[in-house]
Amino acid sequence: MKRTDAAILALYLLLPWFFFGLGVDVLRAPLAPGDGYISGLPTKLFGASLSAWNPYLQAGTFTFKDIGFQFLYLPSVVVMALFPNPFGYNLLILSHYALAGMFTFLFLRKLRLDAPPAFLGGLAFMFCGFASAHLAHYMIIVTMAYLPILLYAIETWLQSRRWLHLALAALAFGLNLFGDYPAVSLYIGMVSFPYLWFRALTGQESPGEPLLARLKTALLASAVIFPGGVAIAAAQVFPILESLPLVTREKISYEFFASFSFPLYQLPMLLFPYLFGANRESLFPAPYFGEPNLMELTGYVGILPLFLSALALLLPKRDRQVYFWALVALGAFLLALGDSTPLYRLMYRVPLYNMFRVPARNWLEFSFATAALSALAAQALLHQTLEKKTYFLLLAALSAAFLAWSGFVLFGWDSLFPHLREQEAWLQNLRLSSPTVYLPLAFLMLSILGLALLYRYRQTPFMWGALSLLLLADLFTFGRPFNEYPRLLFVEGQPNPAAEYIRQAPGRVYPLNFQGQERELQPNLNMLYGIPVINAYSNIWLKDYVAITTFNLDAPAGRKRDLIANNRVLSVLSTRYLITSSAEQKDYIARVKASGGNQPGEVLVQGFDSPGWEFVSPASASGTIATLQGRREGKKKEPGLLQISFPIQPNATYQVTLEARIPVGTAAKPLIVDFFGKNYDGAGQERLIDPLTITKTFRSYRFLIFTHDYVPAESYLRVFTYSEQPYEVRNVTLTRLESQDIPVPLWQGEAEGDTALYRRVYDAPNDITLYENRNALPRARFVERVIPVNGWGDVFYYLWLAPEFDPSTTALAEGLPSEWTGLSLGEILEETYENETVTLRIRTNSQAFLVLADTWYPGWKAFIDGQETPIYKTYGTLRGISIGAPGEHRIEFRFVPMSFYLGLGVSLISTLLLFLTALSLDRRKMT
């Protein structure tokens, strides 16, 4: 390696620390904001333990299936094991920025570009707007670094034809998969696979090679690199494949698939990156007002790379690489637009691609293609033989085009999109005195000036250094303000008053808020303190867990108020504490009262004997039973509806009870109960009964519905459905409760005296309050009765809708032939909890059923006195076992994830065979 190249590679290692770390305490403060702050450091610290089961999130989760956490990424494990602190985390992220720049440089050098243009290309990719904006998405940064690494490996093999280099290319693809962001891995494959074929078929290294030989070369390399890379990453791939039928990302809707498409009206951001505002107050004061969110939509590549890329297409004697990267840039641009073009409807039908959302992340390929094109243009200018007149005519034409585009954006763009004129921030940003405008224009003028001077000084290192500094300054003025935010200093074990209280009386926690401070133990920051929570900040959730808890991607979201008021789900999950700093949530929690029975109140409707019921066709009544059935006429849908007016009151609590069944067949649409009136048809007054919870025999259902300050003058209680399969309903009762309190049965002890179901046990600084759930059930416990259920629908009914179900005495289990009653209430004598094992010493008098409030997942095995016993899926998402013989027993749960062990074996064997075969073939070739 030349001394100049070595110096440049060393510079790449240092630049990210300057770019992102200048003025920040990198030893104590994580550089990554957002997701990188909430999830990055905690998951990296946990990942260094190499534990296959994470007990701190979602009542336990299989570590290696959770996409995005990079638990099997070896560099992450090594770095965090050596530096288990924010510095190690920063080192991991910034080293991958450096790798992105270094290998872009090395790839371009492999294309025989000189060092100055290649250096420029490396800078353009490593600090492009996509990379800077996604600092928060540490897993994207780690994975994107493998695009130039893989291209470098492919190019090295094409030039050397050594099997070892082909094996290294497969290893690069495998490591990219271990980077654990499958969408980015797919984008890398979408670039590297066609690049391999393009290079093999154009035969630039061997122009006399027959076409058939070139095809064989491309096929051979494709068969080794991509399947070989998947085999190397089998330890990561197999657990993910195993999880697909169980998780929520098996299939996504088109709306979710196309979410975060880049809108056409925001195209000026490619030249004026903050024209639509900044995500936080900084050098660019106007707040962001474009489509959500700026981080995902950013495709800024810098003025100079954009200018050079356009110039690459205009210069004569273009390298073939120019055509390839121009097509990549065009394709990526169209994909980034998402549903702004009809193309994305077609892409929704493409297998694998249709599993990932955020079209705007295709700016990754666009950014790399632009970096490559700009380097190719710079190389052509370094060695160009154009006459001075021709060169300056091209430069003038391109400058005029850029200036004309700038002028149109500043003075005419809102004529195409008039809604922009209604935005004060838009008008503010259009001023020439705004840095949003004058900085990009300054960088444009400096780029034009620099390229004009380059004609004369193209052999001068100072000239190339000036262009590199210009590019760095341009990208820095975008990237640095983007990531300026208040940085909280924290390290593992930092004092946290609420966490310290919980450690004294351990139990699972439900953090009610996602946005806010780490003091609220929000997921996944709870892992820093070793405190388990029942939710998580994750893209991956088990379907049944989501169905039962109503949690989703936004961690503590779901039906917060219903979870608190219903209490059964929280208690079954052994949720001992709620934590919040919200005054509104505190007021609501205080309304939930422990009750020994039904709350007294005024009965307003008592079945169909009450006068005033209206049956809207196609609904009908026969005696005490009403039949509801929706009807469709063409595109018009009519519900089967029954309703009755009642005198609604503001700020009141109402209880609705009814019985329902589906007499024949199965229904696809829910049965809906709501309060309705003029301007009063919100989701807060509506309750849905999922058809999966309804059987062919009548079941009882009970709801609480709350009113607010505004209520309509005339209101109706409605029961209706759009289902074309009929429902039958009877005994519809409406009661206005005397108190606004929310009554919840207390399963243990008496409700007299202290009636709060959630006791306020600790007030921490910053208004954070910790509540203890008096109904919380032990993590390991026995029940008197077990009811057989068939899927989450039955479980949801009992935990959410059944009026009298008591989970403290009764379990719900799948796979039972019949109901078990009269079971022994055994005794837990000793319990030991570790990540991958749970050990209990128990005593029973007869047959018993043990519930362990930890998430059910394939790979868990249970043993009674050393003999394996079946695990029953309990409450739709937990574990339970049957214990037949009386006496003392040793119960052990062990996590043995065969998908991981099998995948690990395939990974090790594949890697070993691949490299042994490559070395053997190279040795044979040399002899």
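Q: In this predicted model, what do the buried residues of helix 30 pack against?
A: They pack against strand 2 (61–62), helix 9 (163–178), helix 11 (211–232) and helix 12 (234–243). Among the buried residues of helix 30 are Ser-899, Phe-900, Gly-903, Ser-907 and Ser-910.

Q: How do you know that the length of helix 30 agrees with what its residues should span?
A: Helix 30 covers residues 898–926, which is 29 residues, and at 1.5 Å a residue these should span 42 Å. The end C-alpha atoms are 42 Å apart, so the two values agree.

Q: What makes Phe-107 and Tyr-195 an aromatic pair, and why is the pair called edge-to-face?
A: Ring centres within 6.5 Å make a pair, and planes over 60 degrees apart count as edge-to-face. For Phe-107 and Tyr-195 the values are 5.6 Å centre to centre and 70° between the planes, so by those cut-offs the pair is edge-to-face.

Q: Which parts does the pair of Phe-107 and Tyr-195 tie together?
A: Phe-107 lies in helix 4 (residues 86–110) and Tyr-195 in helix 10 (residues 182–202), so the pair links parts that are 88 residues apart in sequence.

Q: Is Phe-107 buried or exposed, and is Tyr-195 buried or exposed?
A: Buried means under 20% relative accessible area. Phe-107 has 0% relative accessibility, so Phe-107 counts as buried. Tyr-195 also has 0%, so Tyr-195 counts as buried.

Q: Why is Leu-74 called exposed?
A: The cut-off for exposed is over 50%. Leu-74 has 56% relative accessibility, so Leu-74 counts as exposed.

Q: What is the phi of Asn-679, and what is the phi of Asp-865?
A: Phi of Asn-679 is near 55°, a positive value in a residue other than glycine. Phi of Asp-865 is near 55° too, again positive in a residue other than glycine. Asn-679 lies in the loop between strand 14 (671–677) and strand 15 (686–689), while Asp-865 sits in the loop between strand 28 (860–864) and strand 29 (867–869).

Conventions. Residues are numbered from 1 along each chain as its sequence is written. This is a predicted model: local features need pLDDT of at least 70, side-chain atom pairs count only at pLDDT 80 or more; totals for chains, interfaces and linings use all residues. Side-chain values use heavy atoms; hydrogens and water are left out. Helices (H or I, at least four residues) and strands (E, at least two) are DSSP runs, numbered from the N terminus. The expected span of a helix is 1.5 Å times one less than its number of residues. Buried means under 20% relative accessible area, exposed over 50%, partly exposed in between (1.4 Å probe, protein chains only). Contact means heavy atoms within 4.5 Å. Rings of Phe, Tyr and Trp (its six-membered ring) pair if their centres lie within 6.5 Å; planes under 30 degrees apart count as stacked, over 60 as edge-to-face and the rest as tilted.
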